[in-house]
Number of protein chains: 2
Amino acid sequence: MGLKTNINKRNLPTLEDVALDANVSTATVSRCLNEPDKVSIDTRERVLEAVKRLQYAPNFGARAIAANRTGIFGAVIPTMENAIFARGIEAFQKTLVASNKTMFVASSAYDRDLEELQIRTMVARGADGILLIGTERNADIYDFLKERNIPTVVAWARSTNKDQSFVGFDNFNAARQLMTKALELGHQSFGFISAHTKMNDRARERVLGATAALQDIGIDPTSMPVIETEYSIDCGREACRKFIIGKRRPTLIMCGNDVLAVGAIQEAQDAGLNIPQDISITGFDDIEIAKVISPGLTTVHVPHGEMGQKAAETLLSLVEDSSRATQLTLDTHIVERKSLGPTSF
Amino acid sequence: MGLKTNINKRNLPTLEDVALDANVSTATVSRCLNEPDKVSIDTRERVLEAVKRLQYAPNFGARAIAANRTGIFGAVIPTMENAIFARGIEAFQKTLVASNKTMFVASSAYDRDLEELQIRTMVARGADGILLIGTERNADIYDFLKERNIPTVVAWARSTNKDQSFVGFDNFNAARQLMTKALELGHQSFGFISAHTKMNDRARERVLGATAALQDIGIDPTSMPVIETEYSIDCGREACRKFIIGKRRPTLIMCGNDVLAVGAIQEAQDAGLNIPQDISITGFDDIEIAKVISPGLTTVHVPHGEMGQKAAETLLSLVEDSSRATQLTLDTHIVERKSLGPTSF
DNA sequence: TTAGAAAATGTAAGCTATTACATTTCCGCC
DNA sequence: GGCGGAAATGTAATAGCTTACATTTTCTAA
């Protein structure tokens, strides 16, 4: 006891070494590490001490082989530099860690092929389950995941497929409600600054929601020009500029996300406009920056953290209980700050 | 022949399935895949056909055990919600993907024990190398990593250990230079709002750098009170409030990072102070928000993305060439915006 | 007490691919 | 035809862990 009892190829301690050191069977050591509740406190302490003394860490390959799973979960997101995903992924990871899992992260940069590659790589590296953002991707990647029995959860959007688990919210109706509120405040001319909608179902639904609100009260939706641009403050500025110098300046610029809205606010202010007296601007997401900007940004609050957490829980239950698809729609609400006001005519 | 001969738990073909299908032993199949020259052409063709028909792909765990390498790299960061790490990790990941590697991410929430757990978990899950933030941690975790032959790179800080690879910058001197600039503008009373320094060498060095600048010109450094707080805008506000209502209001509040500085600016403005006429405020990091806030935040620009990229390159070369420790110090520079001005007395 | 249930622990089979070693097949040549 | 040795192929040990099932210990309640 206390001595290293066995030297293997790698010169690293194995489960058996720990078992010998703690004077228990390998099964008990394994349980200590994986299901500590099933081991008495006494034994557990002895084993963990041996683990510590020998600096034991399980061999990954062996574990993966024996357990037929790795404890690794993947998340493929568009980018980590977007605060909404950063927050969601942070919560996703925290939830996984609480279940003693580890997280892969890869970013797809909104590129469909790159996303597919990232997914395949994660599967090849042993991911037990995968978190995806949005539903928009080639059918064969879904087939691939199905064939290999890798559960997936879609987040930040909702799927129409009954067998696809998701944790999302209603982008369409949230945008519609926000526009409806603006209409009640008397706005009659509009511009929309959106992220690129081609590969991004969330962005698209937000535009469509706003459009629907216009139609609801009989306004021709084509009277609202939509500018699609990149996700950055400067792109928001540029788009806003186009609206401001256009022949008919809108009284409301609705933005598909807060980052674009912040750019729009800055550009409008630089052009000498008062917000919201001269022009109203709204965002979507409610990230930190929405509170920092002056005036405060009226936007749609999305529970990003909760989404990440629920996504992890869903994925865990899919893997562990191989339960049926879970579909979860979270609530959003409008956060009224100062950037949306009544028209002053 | 031609039928799936064996059904296992995973319902995926194994070497044995291929062997049965091709009517050879598993050894021959393995040889076909790894050393085809050692197999007769006849047999080889038959085996490869079976491989194709059954859609066989080698099992990841088994392969990991054999190769003793996974192609997975880990990053343990304090939090993903901090834009500086988000940017760094994004670049880190991009660089890894270019080499066909996959990234683990875990956050430690600035908790030493949690960080240690995350590191051990990543090793247990097969990480070939690990990125760490800062140098502050227990010696035994370094021993553990060394014993297991897991290369590590420290980022966002520099190590005094000759054998420890790092990609960092000089927190101390950057802060010192910023304070020196403030002194040249005539400031004479100071406050410092810092992140908690206990577990955070970067925060500590920034305070020490500012202190050193005071000493450089003979000011008693204890005349600058330091408030330590959490990383959030609201905590920055609260700390700023204490300085403002204190008996001797500083002319300069230096903040250990941009987030605290943004909170400080907002609080000062709410108290009716003009920045920088009544009070100057500086940040550190140069994240997006520094440009958004009004007035623009004078801060220290840190090349976060470059740091992540270089860290990945360093780690890859450590694993692949098992080369010696690489130590890299990146440049920072002061970004002058509007929140630091001359004293008006 | 003690039967019986519950909790703790142990035994050993199994997961998949590699590979040292054993066996079979093939071929050339006397 | 038969022998030696190379080439081809097969057998089975091995890697380090998990886990179903078996056994032992502990606890509960009558």
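A salt bridge is counted here where a side-chain nitrogen of Lys or Arg lies within 4 Å of a carboxyl oxygen of Asp or Glu. The model is predicted, so local features need pLDDT of at least 70 and side-chain atom pairs count only at pLDDT 80 or more, while totals for chains, interfaces and linings use all residues. Residues are numbered from 1 along each chain as its sequence is written, chains are lettered from A in the order in which they are written, and side-chain values use heavy atoms, with hydrogens and water left out.

**View 1. A salt bridge in chain B joins B:Glu288 and B:Lys291.** The N to O distance of this pair is 3.7 Å. B:Glu288, at 35% relative accessibility, is partly exposed, as is B:Lys291 at 47% (buried means under 20% relative accessible area, exposed over 50%, and partly exposed in between, with a 1.4 Å probe and protein chains only).

**View 2. A:Arg137 and A:Glu115 meet in a salt bridge of 2.7 Å, N to O.** Because A:Arg137 lies in the loop between strand S3 (129-133) and helix H7 (139-147) of chain A, and A:Glu115 in helix H6 (residues 112-124) of chain A, the pair ties together parts that are 22 residues apart in sequence (helices, H or I of at least four residues, and strands, E of at least two, are DSSP runs numbered from the N terminus). A:Arg137 is buried at 10% relative accessibility, and A:Glu115 is buried at 8%.

**View 3. A:Asp270 forms a salt bridge with A:Arg237.** The closest N and O atoms are 2.2 Å apart; A:Asp270 is exposed at 58% relative accessibility, whereas A:Arg237 is buried at 19%. Both residues belong to a network of salt bridges that also links A:Arg241 and A:Glu267.
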